[in-house]
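Here is a short note to read beside the coordinates.

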2 protein chains.
Amino acid sequence: MVSAFRLIASDGAARCGELTTSHGVVRTPAFMPVGTQATVKGLEPETVRATGADILLGNTYHLMLRPGAERIASLGGLHRFMRWPHPILTDSGGFQVMSLAGLRKIEERCVIFRSHLDGATIELSPERAIEIQALLGSDIAMQLDECVRLPAPRSELERAMQLSLRWAERSRRAFESGPTDGRALFGIVQGGDDPALRFESARRLIEIGFEGYAIGGLAVGESAEVMRRTIDETAPALPADRPRYLMGVGTPEDILEAVARGIDMFDCVMPTRNGRHGVAFTRHGPINLKNARHADDPRPLDEQNSYAPARDYSRAYLHHLVKSAESLGAVLLSAINLAYYQQLTAGMRAAIVAGRFGDFRAETKAAWECGDLPAS
Amino acid sequence: MVSAFRLIASDGAARCGELTTSHGVVRTPAFMPVGTQATVKGLEPETVRATGADILLGNTYHLMLRPGAERIASLGGLHRFMRWPHPILTDSGGFQVMSLAGLRKIEERCVIFRSHLDGATIELSPERAIEIQALLGSDIAMQLDECVRLPAPRSELERAMQLSLRWAERSRRAFESGPTDGRALFGIVQGGDDPALRFESARRLIEIGFEGYAIGGLAVGESAEVMRRTIDETAPALPADRPRYLMGVGTPEDILEAVARGIDMFDCVMPTRNGRHGVAFTRHGPINLKNARHADDPRPLDEQNSYAPARDYSRAYLHHLVKSAESLGAVLLSAINLAYYQQLTAGMRAAIVAGRFGDFRAETKAAWECGDLPAS
């Protein structure tokens, strides 16, 4: 039995659904906080849950290097290790191999790289990536793929796309030979900004057959326009009855626009990373708490926010924490930003079910553009 | 009306009491977590409260420089600023001026120093220290004093002690002329490791009259033996009906031994600082989670601990967080250590009331010395 996706409602291309895993239900559109090293930085799992998250993303590359997939398995799996008893998606490790590891070499059989921690030479094959994710015990595993930075020549995009397809087949075979109970494997559409390559990639992944389909190779240097056009061209080629995951995206606006184009799932370090750098996401747009104008402002970030810390702490206090490099500032703003991302996806879900996604999209963007209200 | 201290029980020199402030009751023996820059590093105030703390310490030196005492006052005071609605004690700023500021110069009138943040020249007089603490709105204020590192020549100890006494008188006058409702001012006994100077300091402070008496100038380089002997010589000279506060102390054993000698209140950065450095305090003694022997250990730090994180997270996970420099490790170990310090003081309070402090002291030390149990 694999994870099951149920479409609840559509409104234009936007979709609201439910993905059922053995660790619980993921409501889509879903935003997945990133728990890189078996922790969403600075936050207890109960706090992450309280922000509204149904599912976390774990990074296979980091976890395979430290503390090691076999070790996590012997400790009862990633859910138990990090005390997150809810759904977990793991990436394949491929993206971080490309971006973090030293001296990497891509061969047909596998990618060979040096660990950024200790320089050890390590091989990651499609089969090993599946094995690691099974050891971690994630609910949703991702195939190993090769992600190319944009812009790139078509020949390079095509080569990486074809390799990713061959790895997709091997990933699927490896997945089927392992424990599949309640687990899902997603294929990843590659092809850069080339519509024909994207279409070909999607078509052949569907032939292999996956529980869900991701769009990879975006948010890697291209413009928002190219990203949106590529989603426009790719999403319709994916099966309506399977979840669609746009990897590594993005800003609140990126997410809103991608849902409008038929995407169901997202992950991004932006809410937590920007929180650590003193930026809060709110329904009035981002607020940079480093700015001196907040030093005497007794108002909370958003007195109507359903997440208590966004209502309870003054901007003056958050400014003080950020200016003083106090870790509580990073903790609070990370959680406040994750809560905002969850409020955004919850708002989209409700709007899609109510058949007013278009209005929600327009109202949400208008509120962002209107900006933060000046102190009275 | 000033803060009121009520002695509940004594057992030998050890005392159990209650200090009532306008923000609530402080049960003694009491340990005060240090909230240096209007935050106990990394922890939400609700978390600090959940560890069992009745009262926090705020650092006047840090707060006067950033965000500034007048600013905190205009934002409603320190309790509201940092969302800690319970009792707060503030130090006078003197100790940090001595240890952190550049180019300090002690005059009769005040101490003149350069801010460690921006090099600005700032004067701190006894009167200004009281004014700042009134602006912060702390429940317990401390007089400005001069603290001398040990060992030091007797002439230097005497000079600083006499200056501290003159500053004590000025502090008392300044305090009386400000808002005293529900607020207390503590005098600080100085005199280093010289019994006659300590006795003289205590005697003259009592003549001035304070709501409580602190022993300053310890935990500044002397041995545990000198510290204990000095407490032995000083505590009996202090009024039985007022709380006694040993500043900046210490290890769990320091605290246990000081309570045995008649001390009621403590503050120290040790539980939070050591937590940030990967060390957990437990009833079996300290555990260094950096040690590789924890990497595969599924046991919690202490399965019988009343504070959930000490029971819920495995040592393997805490080890992983510490080794990965993940801020959640610092957050969890800071809270776990604060909870241990509160468990220790709670245990002492119960033992004193039950008339079995001697047994508690022996059992607690035996458990520390027995050490952590090896993994089975």
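Helix axes here are lines fitted to C-alpha atoms over the stretch in contact, and angles run from 0 to 180 degrees between N-to-C directions. Keep in mind that this is a predicted model.

1. **Helix pair in chain B.** Take α6 (residues 126-136) and α7 (residues 154-176) of chain B. Their axes come within 8 Å and cross at roughly 40 degrees. Angles under 35 degrees would count as roughly parallel, and 65 to 115 as roughly perpendicular. The two helices, α6(B) and α7(B), are therefore oblique to each other. The crossing of α6(B) past α7(B) is right-handed.

2. **Residues at that crossing.** From α6(B) come B:Pro126, B:Glu127, B:Ala129 and B:Ile130. They meet B:Trp167, B:Arg170, B:Ser171, B:Ala174 and B:Phe175 of α7(B). By class, this contact has six nonpolar, one polar and two charged residues.

3. **Sheet in chain A.** Nine strands make an open, parallel sheet. The order is β4-β15-β14-β13-β12-β11-β7-β6-β5 in chain A. Which strands stand at the edges? They are β4 (30-32) and β5 (34-35) of chain A. Each has a single partner strand, so one side of each is left without a neighbour in the sheet.

4. **Inside the sheet.** In chain A, β7 (residues 88-90) and β11 (residues 140-142) pair in the parallel sense over two bridges. A:Leu89 stands opposite A:Ile140 of β11(A). Helix α7 (residues 154-176) of chain A packs on the sheet, where α7 touches β11 and β12 (184-189) of chain A. The direction of this helix makes about 175 degrees with that of β12(A).

5. **A loop residue in chain A.** A:Asp118 sits in the loop between β9 (111-114) and β10 (121-124) of chain A. Is A:Asp118 buried or exposed? A:Asp118 counts as exposed because it has 8 C-beta neighbours inside 10 Å. Its C-alpha atom is 9.2 Å from that of A:Leu65, 53 residues apart along the chain.

6. **Contact between the chains.** Chain B gives 30 residues to the contact and chain A gives 31 residues. On the side of chain B, α3 (69-74), α13 (315-323) and α14 (327-353) each supply at least two residues. The largest share, five residues, comes from α13(B). By class, the side of chain B that touches chain A has 14 nonpolar, eight polar and eight charged residues.

How values were computed. Residues are numbered from 1 along each chain as its sequence is written. Chains are lettered from A and ligands numbered from 1 in the order in which they are written. This is a predicted model: local features need pLDDT of at least 70, side-chain atom pairs count only at pLDDT 80 or more; totals for chains, interfaces and linings use all residues. Helices (H or I, at least four residues) and strands (E, at least two) are DSSP runs, numbered from the N terminus. A residue is buried if 20 or more other C-beta atoms lie within 10 Å of its own, exposed if 12 or fewer, and partly exposed in between; C-beta atoms are placed from the backbone. Angles under 35 degrees count as roughly parallel, over 145 as roughly antiparallel, 65 to 115 as roughly perpendicular and the rest as oblique. A crossing is left-handed if the near helix is turned anticlockwise from the far one by less than a right angle, and right-handed if clockwise. Two residues are in contact if their C-beta atoms, placed from the backbone, lie within 7 Å. Ala, Val, Leu, Ile, Met, Phe, Trp, Tyr, Cys and Pro count as nonpolar, Asp, Glu, Lys and Arg as charged, and the others, Gly among them, as polar. Two strands pair if DSSP finds at least two bridges between them.
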